[in-house]
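Here is a report on one protein model. Read it with the sequence and the 3D view side by side.

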Amino acid sequence: EAAAVAAPSQTEVAAGSAVSAVVLPERLQRREAERQQGVERQRQKKEAQVVKEEQSEFFLATFAREREAVEALLAAGTLEEAAARLQALQKLLTGSVRFLAPYEVRQGQETVARLQGDLAARRQQLQPKKKFAFRALKKEMAPGSAPRPAEPAPLDPAAPGLGLAEGESGGPPLCGFSGAQDEELELGPAELLQQDVLLSELRGCRVRLRGNPNTLRVRECRGCTVLCGPVSTSVFVDGCSDCLLALACQQLRTHRTRDCRVYVQVTSRAVIEACSGVSFAPYSWSYPGIERDFESSGLDRNSNNWNLVDDFDWLATDKPSPNWSLIPEQERIACWD
């Protein structure tokens with residue numbers, strides 16, 4: 001009887017074996033499932049990388065072919081076809097930003113800017129530019145005060161302090177305003193189309209640029225409002241303070257600037273350096289014909305990184321930069337007129 005009590009019955013042994021048989025396969029099944037999930041993740045990651053590389057290779061080959069075609073058309077003086085191909089090249093670059101490496105985007109932007117400068121130069125060479133008068137709408141002056149003349153003229157690229165900023169196209173700025181104070185200044189589509197525009201040393205001015213410039217530079221401006229249509233390549237803001245800016249562009253770089261509000265549409269990440277008190281909101285200025293200007297610029301209206309800003313003076317990754325912020329939604333301008 002004692003032996004019978006101590007020894008497990010055949011039924012108990014069989015039951016224990018059955019339990020082990022159930023537990024062991026379940027554990028193995030979980031491990032196998034986890035392994036399969038890991039394999040699938042690695043496969044998807046590899047496939048995504050292959051797709052990205054293929055897309056990049058396709059872009060580079062297509063971009064090089066189209067660039068050569070534009071250069072050949074410019075050399076032959078076929079400017080209208082060159083302009084159309086260049087616009088297509090701009091759209092190709094804008095639509096490919098999401099999968100290109102940053103240096104590829106930068107090289108593409110520099111190439112497009114160079115070609116646009118070459119196109120403007122060839123137009124001047126083969127089709128002399130018609131003279132035009134800048135429109136300057138003066139604010140009402142106080143009774144008895146002397147009117148201040150403001151006749152913005154084409155700016156001299158060799159003038160002191162007006163050298164090219166990093167990344168700007170090599171062509172001379174063909175239009176802009178300089179040295180005005182408390183003025184209403186305006187340029188239209190015919191004057192701006194694919195031109196390099198420079199605004200410098202303005203004080204208390206309101207500037208409306210309705211059209212599609214190639215580049216825009218805003219330098220040493222104080223207390224100004226600058227409203228600009230879509231810029232095909234880059235906008236550079238340098239040494240400005242207490243300004244309100246509405247800008248749409250591929251690339252925005254802001255240097256030595258403080259206490260400015262920027263309403264921006266930008267396809268890459270905005271960059272600030274040596275700045276403070278700069279705040280951002282999405283681009284919302286509009287005017288009749290802006291959709292046509294966006295089409296001419298090649299910018300994608302659905303691509304806007306207005307809230308992605310790189311501060312070159314703030315390297316910490318665990319804390320936000322104190323030099324810029326987002327404008328609260330309830331404080332954003334809804335009506336610009």
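A salt bridge is a side-chain nitrogen of Lys or Arg within 4 Å of a carboxyl oxygen of Asp or Glu. Arg85 forms one with Glu66, and their closest N and O atoms are 2.9 Å apart. Arg85 sits in helix α3 (residues 79–96) and Glu66 in helix α2 (residues 10–76), so the pair ties together parts that are 19 residues apart in sequence. Helices here are DSSP runs of H or I with at least four residues, strands are runs of E with at least two, and both are numbered from the N terminus.

How covered are the two partners? Arg85 has 26% relative accessibility, so Arg85 counts as partly exposed. Glu66 has 17%, so Glu66 counts as buried.

## About the model

This is a predicted model, where local features need pLDDT of at least 70, side-chain atom pairs count only at pLDDT 80 or more, and totals for chains, interfaces and linings use all residues. Residues are numbered from 1 along each chain as its sequence is written, and side-chain values use heavy atoms, with hydrogens and water left out.

## The protein as a whole

The protein has six helices and 15 strands. It has 337 residues, of which 42% count as buried. Its accessible surface comes to about 18500 Å² (Shrake-Rupley method, 1.4 Å probe). Carbon and sulfur atoms hold 53% of that surface.

Contact means heavy atoms within 4.5 Å. Residues 24 or more positions apart account for 43% of them.

## More salt bridges

How many salt bridges does the structure hold? There are 15. Side chains of opposite charge can pair when their charged atoms come close.

Glu220 forms a salt bridge with Arg256, with the closest N and O atoms 2.9 Å apart. This pair links distant parts of the chain, 36 residues apart. Glu220 is in the loop between β6 (215–219) and β7 (225–230), while Arg256 is in the loop between β10 (251–255) and β11 (261–266). Glu220 is partly exposed, with a relative accessible area of 25%. Arg256 is partly exposed too, at 39%.

Arg269 and Asp310 also meet through their side chains, at 3.0 Å from N to O. Arg269 lies in the loop between β11 and β12 (270–273), and Asp310 lies in strand β14 (residues 309–311), so the pair ties together parts that are 41 residues apart in sequence. Arg269 is partly exposed at 39%, and Asp310 is partly exposed at 27%. Elsewhere, salt bridges that share partners join Arg67, Glu68, Glu71, Arg114 and Asp118 into one network.

## An open sheet

Two strands pair if DSSP finds at least two bridges between them. Seven strands form an open sheet with parallel pairing. Their order is β2-β4-β6-β8-β10-β12-β14. Which strands stand at the edges? They are β2 (175–178) and β14. Each has a single partner strand, so one side of each is left without a neighbour in the sheet. The twist averages 10° from one strand to the next (axes are lines fitted to C-alpha atoms, and angles run from 0 to 180 degrees between N-to-C directions).

Look inside this sheet at β4 (residues 196–200). Five bridges join β4 to β6, and the two run parallel. Leu198 stands opposite Arg217 in β6.

## Strand β7 and its partners

Strand β7 is mostly covered: six of its six residues are buried. Four bridges join β5 (residues 206–209) to β7 in parallel. Arg206 stands opposite Thr225 in β7. β7 also pairs with β9 in the parallel sense, over four bridges. There, Pro230 has Ala248 in β9 as its bridge partner.

## Helix α6

Which residues of helix α6 (residues 290–297) are buried? They are Ile290, Asp293, Phe294 and Ser297. Seen down the axis of α6, these buried residues fall within an arc of 105°, so they line one face of the helix. The arc is taken from the directions from the helix axis to the C-beta atoms.

What covers them includes α3, β7, β9 (244–249) and β11. Gly298 follows α6, and its phi is positive, near 85°.

Terms used
Buried < 20%, exposed > 50% of the residue type's maximum accessible area, 1.4 Å probe, protein only.
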